[in-house]
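Hi,

Here is the structure I promised to pass on to you. Have a look at it first, and then read on for what turned up in it.

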Amino acid sequence: MCGVIGVWGNGPAIRDLYQGLLAIQHRGQDSAGVITFDGRFHAKKGNGLVHDIFTPEAVAGLRGPIGIGHTRYPTIGGGGDEDAQPFQLNSPFGLIMAHNGNVANYRELRDELYRDQHRLLNSDCDVEIILNLFAESLAHERMKNLEPEHIFRAVEAVYNKVRGSYSVIAYIADQGLVAFRDPYGIKPLVLGVRRDGLVPAYAFASETVSLNIMNFGEIRDVEAGEAVFIDRIRTVHHKRIRRGCHSPCLFEWVYFARPDTFIDKVNVYKCRVNLGRSLAQQIRRMKLAIDVVVPVPDSARDAAIEIARKLDLKYSEALVKNRYIGRTFIMPADAKRRSSVRQKLNPIASEIKGKKVLLVDDSIVRGNTSRAIVEMLREAGARKVYFASYSPPLRHPCVYGIDMQTKTEFVAQDADEEAIARKIGADKVIYQTLDALKKAVQQENPKIRHFCAACFDGIYPTGDITPDLLEDIEADRKSAHDAQLELNI
Ligand code: SF4
C-alpha cells in the first residue's frame with residue numbers, strides 16, 4: 001500500500017502535491033518523494049514523513065506546473081533511500097513514474113530486463129520494472145512526438161508482462177501525463193479536473209480525499225485495465241486496453257483508506273458503519289454481557305460507534321492514541337511493530353476497571369498488536385475482554401501490495417476462533433463473515449460484483465499466482481524481514 005499523486009496544474013505543482021501527499025500520508029510513512037518538471041526534472045525524495053522531507057528549501061527547488069508525488073510503504077525491497085519513488089529515466093524523452101501496488105513476478109522480470117534488454121535496475125523497488133518495460137516499448141516508436149496509440153501500446157506491453165496489481169502515474173517530458181490501472185483494478189486510482197486557468201488542470205490520486213483537498217472536482221475512477229493520457233495540449237485520451245474482471249481490494253474499505261475517501265463510488269466511512277451494523281447483529285445473537293464498547297483507534301471508531309448504538313451499549317474511547325507515532329501495521333519489521341504499540345496506545349483505567357469490555361478493531365493480522373492491547377486492558381482492570389474484528393480472519397498472503405506476504409505470519413493460520421482468542425489472551429474473538437464484508441460495500445454500490453478478497457479466502461483474482469510464485473515471494477519477504485531485523489538490532 002502506497003499513495004501516489006500526479007498533477008498538471010496552472011501554477012507550481014508542488015503546492016498541490018504537498019497538500020495532496022499530506023492527505024494520503026496514512027498510506028505510507030516510510031518515505032516520500034516528488035519529481036516536478038519545468039523543462040527539466042527536479043527531484044526530492046527520502047525516508048521520512050511528508051513534512052520532514054519537504055522543507056521550505058526543498059519545496060523552493062521543486063519548480064514547474066507538472067509533478068508526481070509518492071508516499072511509500074515498502075513491500076519489495078528493504079526500504080532504503082534508493083527505493084523511494086518516483087523513479088526517473090532519461091530516455092526516451094525523459095520519464096518519471098510512481099505506483100501503488102506490487103509486481104508479483106518481480107524477480108523474473110528483473111532478470112529478463114537485464115538479460116534481454118541489458119537494463120540494470122538500480123534499486124529493489126518494483127516500479128522500476130514497470131518504468132523500464134514502458135520505456136522499452138516507447139523507445140521502439142522512434143517518433144518526434146508521441147500519439148495516444150503509442151502510449152496505449154506501451155501500457156499494453158506492461159500488461160503483457162507484469163503480474164500483480166499496479167496503479168501507475170507517469171510523465172513523459174513534453175509529451176504528456178499518463179495514468180493506468182492494472183486489468184483487475186485492484187488498487188484505487190482517481191482522476192479529477194480543476195478549471196482555474198485558460199486550460200483545465202488535471203490530477204490523479206490514490207484517494208479522492210487528495211483531490212478534494214487540492215480542490216479538484218469532476219472526479220472519476222480510472223477503470224480497471226484503462227489508460228488515460230493527457231497530451232501536450234492537455235487533451236484527454238483514454239482507452240480500456242484490457243478487460244479483466246474488476247476486483248477492488250476489500251481491505252481498502254476495512255483499513256487502508258481514509259473514512260472521507262470514496263473507492264469505486266463507495267464511501268469508506270459508510271462502509272465501516274455498515275460493517276459495525278452487521279457485526280452488532282452477530283454479537284446480539286451471542287448474548288454476551290458487555291459493559292462498554294471500546295474501539296482501537298482510529299480505523300475502528302466508525303464501526304464501534306455503530307455496534308454500541310445498535311446494541312444500546314455504552315461507548316468509550318478508553319484507548320488514547322499518541323498521534324505522533326506511525327501506524328503499527330505498516331511499520332516494516334515485527335520488532336518495531338511490537339514496541340510501538342505500547343508507545344502508541346494508553347488506556348483510561350477508570351473507563352475499563354471492573355468492566356466487561358468489547359474491544360473493536362479492523363482486523364487481526366499477526367496478533368502481536370491485539371495481544372498487547374488485550375494485556376493493556378487487563379492491566380487496567382478489565383473483567384472480561386471480548387475482541388471483535390470487523391473483517392474476517394486473515395489467512396493468506398497478499399501479493400498485491402500489502403506487507404503480509406508469508407502465510408506463517410497470520411495468527412489465524414490453521415486456528416479457529418477459540419485458538420485465536422487463546423493466542424491473543426482474549427475471552428472471546430468475534431469475526432465478521434466475508435459475505436457480510438462484501439455486502440457492506442455492495443449495499444453502497446451494487447454494481448461492484450467482484451472483489452479481491454485473497455487474504456481472506458486465498459482466491460487470487462488475477463488467476464496467475466501459482467504456488468511456486470507464492471513460495472518465491474515468501475522467500476524474498478523473509479530475507480527482507482531478516483535484513484530489517486538485523487538493522488534493528
Ligand atoms: S489480498 Fe487482501 S489486502 Fe491484498 S489486495 Fe487482495 S484484499 Fe487487498
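The axes of H9 and H10 come within 7 Å and cross at roughly 40°, so the two helices, H9 and H10, are oblique to each other. Their crossing is right-handed. Please keep in mind that this is a predicted model. On the H9 side, the residues that make the contact include Tyr 269, Val 273, Arg 277, Ile 283 and Arg 284, and on the H10 side they include Asp 302, Glu 306, Ile 307 and Lys 310. By type, the residues of this contact of H9 with H10 divide into eight nonpolar, one polar and six charged.

H9 also meets H15. Here the axes come within 8 Å and cross at roughly 140°. An angle over 145 degrees would count as roughly antiparallel, and H9 and H15 are therefore oblique to each other. H9 passes H15 in a right-handed crossing. Cys 271, Asn 274, Leu 275 and Ser 278 of H9 make the contact with Ala 436, Leu 437, Ala 440 and Val 441 of H15. Six of the residues in the contact of H9 with H15 are nonpolar, two are polar and none is charged.

Which residues have the most contacts inside the largest nonpolar core? They are Leu 250, Trp 253, Ile 283, Leu 358, Val 360 and Phe 456, in a core of 58 residues. H9, H10 and H15 are among the elements that give two or more residues to this core, as are helix H8 (250-256) and strand E20 (356-361). A second, separate core has 35 residues, including Leu 89, Ile 130, Leu 131 and Phe 180.

Most residues other than glycine have a negative phi, and most peptide bonds are trans. Against that background, a cis peptide bond joins Ser 91 and Pro 92, with omega about -5°; Pro 92 is in the loop between strand E5 (87-89) and strand E6 (95-103). The bond from Pro 297 to Asp 298 is also cis, with omega near 0°, and Asp 298 lies in the loop between strand E16 (292-295) and H10.

His 118 has a positive phi near 55° and is exposed, with a relative accessible area of 66%. Asn 215 has a positive phi of about 65° and is exposed as well, at 59%.

Best wishes

How values were computed: Residues numbered from 1 in each chain as written. Predicted model: local features only at pLDDT ≥ 70, side-chain atom pairs only at ≥ 80, totals over all residues. Heavy atoms only, no water. Core = buried A, V, L, I, M, F, W, Y, C linked by side-chain atoms within 4.5 Å. Buried < 20%, exposed > 50% of the residue type's maximum accessible area, 1.4 Å probe, protein only. Helix = DSSP H or I, 4+ residues; strand = E, 2+ residues; numbered from the N terminus. Axes fitted to C-alpha atoms, helices over the stretch in contact; angles between N-to-C directions. Parallel < 35°, antiparallel > 145°, perpendicular 65-115°, else oblique. Left-handed = near helix turned anticlockwise from the far one by under 90°. Contact = heavy atoms within 4.5 Å. Nonpolar A, V, L, I, M, F, W, Y, C, P; charged D, E, K, R; others polar.
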